[in-house]
Structures are given as structure tokens and as C-alpha cells.
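Me: I have a structure to look at and would like to talk it through. Can you take my questions one by one?

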Amino acid sequence: MLLVNENEVSFQAGMTLADLVRAQGDDVDILLVNGYPATLQTVLSDGDQCWLWKRGKTPSAEEMQHLLYARHSPGVQRLLQGKMVGIMGLGGLGSVVAIALARMGIGALLLADYDVVEPTNLNRQQYFVDQVGQKKTAALRDILQRVNPHVGVTVIDQRLIEDDIGVLFKNVHALVECFDDPAMKAAGLRAVLQHLPGVFYVCASGLAGYGDNNAIRTRRLYSGVYLVGDEVSAAAPGEGLMAARVGIAAHHQANQVVRLLLGAENEAAE
Amino acid sequence: MKVFCNGQEQELTPGARVTDCLNTLGLDPLSVVVECDGKILTREEYASHELQDGSVLELIRFVGGG
């Protein structure tokens, strides 16, 4: 059996994508097999997941969801779709992490920030000029809706304190610490270690400036708990936060969350 | 007395608290998570928890930016 645009089609040995396209009777020019671009000559195997699409065609809502996920490796999408991730702080780290997770098809996001979008944020945060003055929670929700309308977004529009973290995020599968303030970064880790033992956690420290790319690393602190950054580069006068290096750290965080949700830590020999 | 901070020996006066140790190391207690002899300390314990000779501390220090 093949899956063609999420519909079952019977498989015959020796079938090529050209056979499928003919059978569909469609004018298509985007061809994907198991999440990877293919050609009309591609020979299919039983169980393959195929996507056939016409460039520029406007999809229905259901087709859109399938197409958004068509480039994912089979199986990964279904796992991520069932997961909820919390993000504390929606600045240069948090806005990037949220968008990356939405593009990868995470099921739900729980987003926390108390602040509004300022012009000085736009050098590194994923907001737009026309969103200046809006709450970051609302502004990011709008962006995510445009990226992937199938992600469930819930917002917490308040300034977090240490004692709230264990309560507000008790239902997430993974929590990402994207605070700016080092005291809140410490508070977040303490809260998780003390109150959220089953929650994966990825925090960050040391990502200012334009230093070495490869000094940003992902270090295991405890089982399921990781720290991203060079652990040294503080945001300070003369060493500002810049889009590229903050983005490197944010994508370390997002990828580590995905790795943890997909069971990479269990596979690693520890 | 001696304690071990992230594997490094540190000389402290007997009766020193966690805050004293952090001050000696030049660390702001607000931006550090402290594990002492396998236990994560609460914020309040930084000032009250008395270190023993041979105590093993893991200090996770955060710098600002996000």
C-alpha cells in the first residue's frame, strides 16, 4: 500500500512516480517521496509516502496541513504533533525557538512573556515593524498562525516568578528557558529541578556578541536537562545581542527539544 | 576547611555558608544554581546552608542575554 497525498493507493511492484501521476490525472510538478524530492522516474517501494502537488495551487485547509508536513521524515511528524512545549521569554531566543518548533510541526506551544515589542528588539527578535507596541505573546501568536495554523498556541501574559513555573508548566513535555535576566535563568533551572522532574528542559547562557560560532554548545547538566551557549558571553555594554549568534543558540535549543521529544537521549549511551 | 566547587578545591573558613562561598568566587548568588552534596538548594538556603569540610558543590552560573 502507498500513501499518496495521505490517501491509500494499492502498490504494484515496479511502479514509478510517473505511473502515480498518470493515475491521478493531475498536472503536478512537485514530487516528494518519504519527505524527499523525487522525479517521475523514481521507482516506488511498498509503504512509501508520496506527495504530488502543482506549484502555486492553493490548498484546502486539510491539504495545507499535509503539505506543511510533507517534508518531514515519516513518523517524526506524528510524534511531534502529540507534544506540547513551553517557552519562557519571547525575545531573541524564544521567538526563534517558537517559529522553528512550529515549522517542524509541534502540536502545541505554551508561550510566556509580559513585555511588548520595542523597536530595539527588532535587531534580533522575529517581530515586525508594524508590531511595535503589541504584546509579544499576541504578536508571536499572529506570526505562528501565519507560519503554521495547526499549532495550538496558548499564551501566559504575565511576568513569571520562580514559584509559578512549576505550576504553570506542569503539563508540558518540554520547557525552553529563553529569559534575558540571569536571575530568572537560575530561577527557571531551580524550579524545574525541584518541581518538574518529568519535564525535559533546555536553558541558555552565553550568546551575546559575534564570537566563535562553535563556542556555542549544548551541554547535558542532568538527565533530560541541557544548557546551550558558551556560558561566558554576557549581554553587556559593548557586547550586544546580535541576531546571528542568538539564532545559533536558539536553534540549538529547538533542535535539542526535538531530540529529547523523539527519544534521542534514551538512545545515547550515557 | 576545604570544599569542592565544580571539582576545584576551595579554602573556606569553618562555618561558611553557601553565600560566603559564592562571594569568595566572585559569583552573584542570584544568577547561580547550587547543588550541594547532591541536593539542589532553594534560594533561601543559600544564606542558611552551612558547608562542611569536604562538601561537594556543583555551581551552574548564568550570564544575561536572551
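Predicted model: local features only at pLDDT ≥ 70, side-chain atom pairs only at ≥ 80, totals over all residues.

Me: How many helices and strands has chain A?
Reply: Chain A has 9 helices and 12 strands. These are DSSP runs numbered from the N terminus: H or I of at least four residues for helices, E of at least two for strands.

Me: What share of chain A counts as buried?
Reply: 38% of its 270 residues. Buried means 20 or more other C-beta atoms within 10 Å of a residue's own, exposed 12 or fewer, and partly exposed in between, with C-beta atoms placed from the backbone.

Me: And which residues touch the most others in the largest nonpolar core?
Reply: That core has 75 residues, and A:Ile87, A:Val97, A:Leu101, A:Ala174, A:Leu175 and A:Val257 touch the most other members. Its largest share, 8 residues, comes from helix α8 (residues 243-261) of chain A. A nonpolar core is a set of buried Ala, Val, Leu, Ile, Met, Phe, Trp, Tyr and Cys residues joined through C-beta atoms within 7 Å.

Me: Which residues of α8(A) are buried?
Reply: Among them are A:Ala250, A:Ala254 and A:Val257.

Me: What follows α8(A)?
Reply: A:Gly263, with a positive phi near 90°.

Me: Back to size. What box do the C-alpha atoms of chain A fill?
Reply: Roughly 60 × 45 × 35 Å, taken along the principal axes.

Terms used: Residues numbered from 1 in each chain as written. Chains lettered and ligands numbered in written order.
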